[in-house]
Amino acid sequence: MSQATVTLPLCSSCNRPVKPAERATKFNCPSCNASLIWRCEKCRKFSRLYVCPNCSFEGP
Ligand SMILES: [Zn+2]
Ligand SMILES: [Zn+2]
């Protein structure tokens with residue numbers, strides 16, 4: 001069995017897979033610095049809130 005599937009990161013705001021072609025952004029959680037937050041292009045545009053899955057920090 002070969003591993004052909006690529007795991008796409010999920011947007012931390014809308015939970016949709018972030019495609020590599022999207023102009024998404026990723027950054028470490030400013031509160032715990034432990035988890036990587038992803039935001040898709042749309043969520044960036046609309047400034048949706050994200051929730052850190054590690055410490056439940058909410059940020060713009
Ligand atoms: Zn999103
Ligand atoms: Zn956090």
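What spacing along the chain do the donors of the zinc ion (ligand 1) follow? They follow C-x2-C-x25-C-x2-C.

This is a predicted model, in which local features need pLDDT of at least 70 and side-chain atom pairs count only at pLDDT 80 or more, while totals for chains, interfaces and linings use all residues. Residues are numbered from 1 along each chain as its sequence is written, chains are lettered from A and ligands numbered from 1 in the order in which they are written, and side-chain values use heavy atoms, with hydrogens and water left out.

**View 1. The zinc ion (ligand 1) and its protein donors.** Cys11, Cys14, Cys40 and Cys43 each supply an SG atom, 2.2 to 2.3 Å from the zinc ion (ligand 1). Donors are N, O and S atoms within 2.8 Å of the metal (3.2 Å for Na, K and Ca); water is not among the atoms, so sites may look incomplete. The arrangement is tetrahedral because the 4 donor atoms subtend angles of 104 to 116°; four donors count as tetrahedral if all angles lie between 85 and 135 degrees. Cys11, in the segment before strand 1 (25-28), and Cys43, in helix 1 (residues 41-45), link distant parts of the chain, 32 residues apart. Helices (H or I, at least four residues) and strands (E, at least two) are DSSP runs, numbered from the N terminus. Cys11 is buried at 0% relative accessibility, and Cys43 is buried with a relative accessible area of 0%. Buried means under 20% relative accessible area, exposed over 50%, and partly exposed in between (1.4 Å probe, protein chains only).

**View 2. The zinc ion (ligand 2) and its coordinating cysteines.** The SG atoms of Cys29, Cys32, Cys52 and Cys55 coordinate the zinc ion (ligand 2) at 2.3 Å. Angles of 106 to 112° make this arrangement tetrahedral. The donor residues are spaced C-x2-C-x19-C-x2-C in sequence. Cys32 lies in the loop between strand 1 and strand 2 (36-39), and Cys52 in the loop between strand 3 (50-51) and strand 4 (58-59), 20 residues apart. Cys32 is partly exposed at 26% relative accessibility, whereas Cys52 is buried at 1%.

**View 3. A cluster of Phe27, Tyr50 and Phe57 linked by ring pairs.** Rings of Phe, Tyr and Trp (its six-membered ring) pair if their centres lie within 6.5 Å; planes under 30 degrees apart count as stacked, over 60 as edge-to-face and the rest as tilted. The count comes to 2 aromatic pairs. Phe27 and Tyr50 are edge-to-face, 5.3 Å centre to centre with 70° between the planes. Phe27 lies in strand 1 and Tyr50 in strand 3, so this pair ties together parts 23 residues apart in sequence. Tyr50 and Phe57 form a tilted pair, because their centres are 6.4 Å apart and their planes at 50°. Tyr50 is buried, with a relative accessible area of 3%; Phe27 is partly exposed at 25%, and Phe57 is partly exposed at 29%.

Note on methods
Four donors count as tetrahedral if all angles lie between 85 and 135 degrees; four count as square planar and six as octahedral if opposite donors are over 155 degrees apart and all others between 65 and 115; anything else is irregular.
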